[in-house]
Amino acid sequence: MSEVILQVKNLKKYFDTPRGKLHAVDDINFSIEKGKTLGLVGESGCGKSTTGRVILRLLEATEGEVFYEGVNINELDYEGMRKLRKEMQIIFQDPFSSLDPRMTVSEIIEEPIKLNKIITDPKERFERVLELMDLVGLSRRLMNTYPHELDGGRRQRIGIARALALNTKFIVCDEPVSALDVSIQAQILNLLKELQRKLGLTYIFITHDLSVVNHFSDDIAVMYLGKLIEKAPAERLFTNPIHPYTKALLSAIPRPTLDKKVEKIILKGEITSPINPENNCRFSDRCNHAQDICRASEPPLEEVFPGHFVACHLFKE
Amino acid sequence: MSDKLLKIEDLVVHYITDDGVVEAVNGVNIGVDRGKTLGLVGETGAGKTTTALSIMRLIPHPPGKIVSGSIELEGTDLLSLKESRLEKIRGDVVSMIFQDPMTALNPVITVGDQIAEAIMIHQKVGQSKAAQKAREMLEIVGIPGNRAGEYPHQFSGGMKQRVVIAIALSCNPKLLIADEPTTALDVTIQAQVLELMKNLKDKFQMGMVLITHDLGVVAEVCDDVAIMYAGRIVEQGTLEEVFNTVKHPYTEGLFNSIPNIDDRRDKLKPIRGLMSDPYNLPKGCSFYDRCDYAMPVCETQKPPKIHFGETHFVECHLYQEQQDFKLNGGKE
Amino acid sequence: MTRYILRRIFMMIPVMLGVTLLVFFIISLTPGDAASMILGQEATEESIQELREEMGLNDPTAVQYVRYMGGLFQGDMGRSYATGKTVSSEIAQRFPNTFVLTVSAIFLSVLISIPIGVVSATKQYSIFDNVGMIIALVGISMPSFWTGLLLIIAFSLTLGWFPSGGMEGFISLILPAFTLAIASTASITRTTRSSMLEVIRQDYINTAKAKGVSKNVVIRKHALKNALIPAITVIGLEFGILLGGAVLTETVFSWPGIGRLMVESIQRKDTPMVLGSVIVFALAFSVVNLIIDILYAFIDPRIKSNYS
Amino acid sequence: MSNKSEVIATENLIKTKKRSQGADVWRRLKKSPTAMIGLGIIILFLFMAVFAPMIADYDDEAIKMNIKERLQPPSSTHVFGTDEFGRDIFARIVWGTRISLFVGLISVSIALSIGGFLGAIAGYYGGRLDNAIMRVLDVLLAIPTILLAITIVAALGASVLNLMIAVGVSNIPGFARVVRAAVLSVKDEEFIEAARAIGANDFIIITRHVLPNSMAPIIVFATLKVASSIMGISSLSFIGLGVQPPTPEWGGMLASGRAYIRDYMYIVMFPGLAIVFAVLSLNLIGDGLRDALDPKLK
């Protein structure tokens, strides 16, 4: 029996904009089991990064709850949250802006340990920093260099080491490889996978690139304009997608191969933004199969097979 | 190898900075046939964009400098042309699409005027005629013509890239250089734009150099492929040759680094290490320190060019003695 | 567009109210008693008290402020302690002179600085650029009252081409306008150059070149309009500095503008006059900023469409 | 995994290490000849200010009237000549340096601490607090800096202390704006979020991450503002609202020398040049710092 480490219930995050309320995350539910990876997939503006930040309370939720090991984190005070942060960490997309340019590599990795008084003896702390650098494959001689002197891949390793410096059990990986070159991307993906195996970590892996999560995730959740539209075990989502958006997204990925040609589904229109959304399927204006009902009411997320959830009116027909 | 639209020979481009000389392009040879598409593939810093800008003769100078080589477009050596002649060629015979559509359009000029400008320069027509043609171009790339009077900020990223394409194609160029035209776009929008480009390529009968880091995009759009590493073409051939009979270890590494969407059990095998410091390229093969097949000779000597048939070649020591050397495919 | 302009004018109101409030209270800190100053040294304590009561000087400052604002809305800024004339009539008489001086100076600066800035940027690191930028830096480092004195020595006392002060026709405008223009010319040149350098590195400049647009047209049509956006901001700010500079320049050249009026009034402790002058200066500056913001909307379509 | 000896070996390897970023900036600044010239000049001025008593006797040479020697042209005894009261112009310029630099530095410090504090909290906390602070500053900004300073001195009376207050206060909105903009540009960087994610509180985030990363534009602005304050101080003195005679001050020297320019132009030449050199040197340093601190140029 595996236990649920994180559960998200009816989570909403709205932003005020000059043109109205932006429903960045709009009533989403999911949970993750310990040691597993949930891939959170979608295109720009779908609310995936906002979700990641609300889970860590880097942004305050507008409504809804996030339970981490049974604790409702939205109700924690500053001290309580600070304790939890030792276990819940984040790795950022941009390895160039996520590291303080005025701190050296070792200072960056050391900061969380020092700040949370995990190790107070400077000698021991120094050793721990070296150990972490070894763990993420950073050469020790880089410890006194500044981030801007390093390439994207190494900088991302620093970010990973920082996230692991505490007593980390759960990490939100926010597009950790999308700013990197392919060859480096593969290095970082393998590292993350290996760390998960070694340390028993749980990941939420946020990305726009389905091919990346395929390798990585146990479950995949697809978001579109603030809504969770499909969620399934990875294997199943890739072989048997149901939502028209998931299908289009899957087919749209350019395959680096000449044999299996996949029929492309070209969507019409562009991604809009969910400002004051109407009560309809948010995908209906781009969907190639949209019916009247899609424009009239919002489809609920329903379990259509064990573990496979979809929010689409058309599936029933 | 006849009827070449574009022929680049031994192109060398350096950037001279305070910290030293960056050898961005060191002896590139590529050719594009009429109506064909060449995919120029490589990672950040490989010299792809520098090569493209050299064809346009838009290398920022200083610090950039075309040191040697030749670039022939329909038999005319572009490197010997005066600026005034180049202005007649740019936008007319050869056009370019830049990577980031968000910054590629002038924010204070309407999109219609930005398209019409090229038409007025090259086709010597009046303002109203050019505006008319600009609206037609917008329709061709899938934007209603009545939006010609709007400014770039009123368009989304995908739409902006369509406008950029409309500008580039407004004078029926014979060669289009597209520098990562879909990298900044979302996947579903990328699919739309790639589809559009494929259609337009046939419609306008033009040759194209498609610069990308994405082998998936290459497989969809290109006829020929050139793999670039540290300022050199390390492998080149037709799409089938390069995809089906990979010869260069770097090309192999690239393929192994891409997660396979259709097989989730497929193992990722990254290329180890980093690209060499462009200020200080190694004496021998630039890929030497990252290569799984490296031999002593690779460290000291530049690899020779080895041909496999008329169109396929690599620059690699592995095939010097044993032409039939087989890469192990990286899959243990 | 109209909405944008109206909105901007509307935003000016609280700022101007704040300005009057602030200036009124600063000036009210002035030591010394206005009544005894008006009546002179021979006045009796009684008559001083009487005048104080009459002028409302015994009321709390807040009451005095409200009364002042009441007058201000009807164009009444009180009477000068020194001359007894109304402040508004004195200012109305002097204002056109300051207006002519500052506007000629800003025109002169824009006329000189924009072309030099553009050429400097397109020929970055050339001799023209290097020498130009050193001159510009020296230009912003010279105090206008000193430059004015030097110009008087050279062109008026030595060469005798222009009068050394006063206001007698166009010829007397040249030296003060030029003096006033130096610093703003220098700083607008520097801004134009740096924003131009920024703009010509942008992608859309490459797009334009790739279309076959010739170098000059790229600069004129594509780069300049974008580079003007930051330059215009600086022109607005410089206008404020120029208004301040007018105080000094008018003093040096005995130019009968509000700047000199203000200095004289300060020396005479003529507080209603000082108050009036500062408020008029602030109002003028705010109007300039309003014009700048409207200009923005014409150059930058992004602003316009935000309000359509 | 790592044993002690390995740690020590690594330590030794790294000893050579950690170039401070200040040293980096200095290295780049040294490459700019104009900034070095500026630095040279300002050091000279500082030297004059500190060692003024050794260079010229205050009472004897800078203050005491000496009608017999009035309006002497530059000579070996009076290198810059003497003024209308027979005082040595060079001595007065040297002593004037003290006032200019001192008042300039103090007033910028006032503006930097008050304006900087307001700007930092406005930028970091945003929202209503930001709005309130910025509206008040808008009012201050609506009055041109020098006019605000003139108004304040006019009300408070002319003295060195009031001069510092006037110039300082009138520069507050400028500093607030610059600091706010600098903080805003850093505040949304991901490394700030990263710091929050590891449990850092606002105080640590502001002092350890936000301020160090927004220092560059603030340092440049402060340098340039010292220059413009020196100019402002002389301007006020020139119209009789600054340092009062007979205390030597450059602007005041120009004001009193004005009457004699027809025949004795050196009277206004040297004090003016002193202002130009002081202001120019700081502007040169400011420009140089801007380039040296700008990571984009790297």
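Analyst: Strands (E, at least two residues) and helices (H or I, at least four) are DSSP runs numbered from the N terminus, and two strands pair if DSSP finds at least two bridges between them. This is a predicted model, where local features need pLDDT of at least 70, side-chain atom pairs count only at pLDDT 80 or more, and totals for chains, interfaces and linings use all residues. Residues are numbered from 1 along each chain as its sequence is written, chains are lettered from A and ligands numbered from 1 in the order in which they are written, and side-chain values use heavy atoms, leaving out hydrogens and water.

User: OK, what's the strand order in chain A?
Analyst: The order is β6-β7-β8-β3-β9-β10-β12-β11, an open sheet of 8 strands with mixed pairing.

User: Which strands stand at the edges?
Analyst: β6 (88–91) and β11 (302–305) of chain A; each has a single partner strand, so one side of each lacks a neighbour in the sheet.

User: How does β11(A) run against β12?
Analyst: Antiparallel, with 3 bridges joining β11(A) to β12 (residues 308–310) of chain A. There, A:E302 sits opposite A:V310.

User: Switching to chains A and B: how many salt bridges are there?
Analyst: The count is 1 salt bridge, meaning a side-chain nitrogen of Lys or Arg within 4 Å of a carboxyl oxygen of Asp or Glu. B:E220 and A:K264 make a salt bridge through their side chains, at 2.6 Å, N to O.

User: And what are the model's scores?
Analyst: ipTM is 0.85 and pTM is 0.87.
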